[in-house]
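The sequence and the model are shown first.

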Amino acid sequence: MKQTIVFTGGGSAGHVSGNLVLIPKCAEEKWDIHYIGSEQGIERMLVSDCQEVKYHAISTGKLRRYFSWKNGIDIFKVMRGICQSYRLIKKLKPNVIFSKGGFVAVPVVLGARLNKVPIIIYEPDLNLGLANKISLPFATYMCTAFHETAKKPHYRKAIYVGPIIKEAHKSGNTVRGLAACGFTSEKPVLLIMGGSQGAHSINQMVKSVLNQLVDHFQVIHICGKGKVDDSLSIPGYKSYEFVREELPDLLAAAAIIVSRAGSNSIMELLALQKPMLLIPHTNGGSRSGQLVNAQYFQQAGYADMLLEEQMTAQSFMKAIKQLYENRFEYIAKMKKHDHGGGAAVVMDLIRGGRSGLGD
């Protein structure tokens, strides 16, 4: 009898990327694969390339840690999403649910629990995000990207697995990356990225110091959807809204990287041994999780950090130059990192769902 799995997670690319690693592995094993996400979220677009996946849209509401009149409206959306998830999961009869987090995942987890379906959730950050805090009591297991998260005594269901890393990112080609941008090997490449939604403050800073940057580097700038500035046409600078197929080659070409501090991205950069300057979100919710991630990486010697509140043209340029000058020290530290089993360990847990994972 064919086995069935339901994936969920969304709201940002980080809440989908791990699922995109696991989906092909499940497809190879002939699972019947379904994805429950929002109607208009980024997860629908990212999963659309996976022909083996049947996508189901449900009602979703944003989870906020602060007072807003929208909370009153969104609670009804969440309740509707729970009902939709319950009916859908009852019909699909999956062997296991895998949740990568984000606000869309909560109704799915609750719907799965009401159907007594085993649930595996994945926490990529050092500290739990709000969605996973809500989901944890209903989960069978919580997989973690950080050792420290799994060691916390009140997370009894936690299992350290390490980051779920896209294998394709390890096969990037420097020559192809340079060619894609029209660059040469005569000057180092700086890659700047602000996450799937882009980062306005970083984009503006790049614009203000671009002439200085191209004096020292060839610059690849991933700006975010709709945020490419066509007026910035200058030799040694290449901008993109969003990169998918070419990303492994661009990463391979980069000597150093400026990034937000979402754990999926920085864990992949750690595995690729790319020195990083991290500019984390710091204003609440999952964004405060970025600050903790960046502090951890800085203390471990994997990256340097520049707070957005302290970012000026002078501090930005100084931090980038220092990162490049000290890049081999960062690489040496990153070589010693244990990446765990990642996707392989999670797949073992998913297979366990065939005979019943739960309590």
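## Overall form and interior

A compact globule of 359 residues would have a radius of gyration near 21 Å, and the chain agrees because its own value is 21 Å. The model is a predicted one. Its C-alpha trace spans about 60 × 45 × 40 Å along the principal axes. The chain contains 14 helices and 13 strands, and 54% of its 359 residues are buried. Of the contacts between residues at least 6 apart in sequence, 63% join residues at least 24 apart.

The largest nonpolar core has 88 residues, of which Phe 98, Leu 213, Phe 297, Phe 316 and Ile 350 touch the most other members. Helix 8 (residues 200-216) gives the most to this core, with seven residues. Leaving aside residues up to four places away in sequence, Ile 350 touches Ile 5, Leu 22, Trp 31, Val 96, Phe 98 and Ile 120. A second, separate core includes Ile 89, Ile 119, Leu 136 and Met 142.

| Nonpolar core | Size | Some members |
|---|---|---|
| Largest | 88 residues | Phe 98, Leu 213, Phe 297 |

How many cavities of 30 Å³ or more does the structure hold? There is one. The largest cavity has a volume of about 50 Å³. Its lining consists of Tyr 122, Pro 124, Ala 145, Pro 163, Ile 164, Ser 263, Asn 264, Met 267 and Glu 268. By class, six of these residues are nonpolar, two polar and one charged. Helix 10 (residues 263-271) supplies the largest share of this lining, four residues.

Note on methods:
Residues numbered from 1 in each chain as written. Predicted model: local features only at pLDDT ≥ 70, side-chain atom pairs only at ≥ 80, totals over all residues. Heavy atoms only, no water. 1 Å grid on protein atoms, 1.4 Å probe; cavity = no way out; pocket = protein on both sides within 12 Å on 5 of 7 lines; lining within 4 Å. Points joined across faces, edges and corners; volume = space filled by probe spheres on them. Helix = DSSP H or I, 4+ residues; strand = E, 2+ residues; numbered from the N terminus. Nonpolar A, V, L, I, M, F, W, Y, C, P; charged D, E, K, R; others polar. Core = buried A, V, L, I, M, F, W, Y, C linked by side-chain atoms within 4.5 Å. Buried < 20%, exposed > 50% of the residue type's maximum accessible area, 1.4 Å probe, protein only. Contact = heavy atoms within 4.5 Å. Rg over C-alpha atoms; globule rule 2.2 N^0.38 Å.
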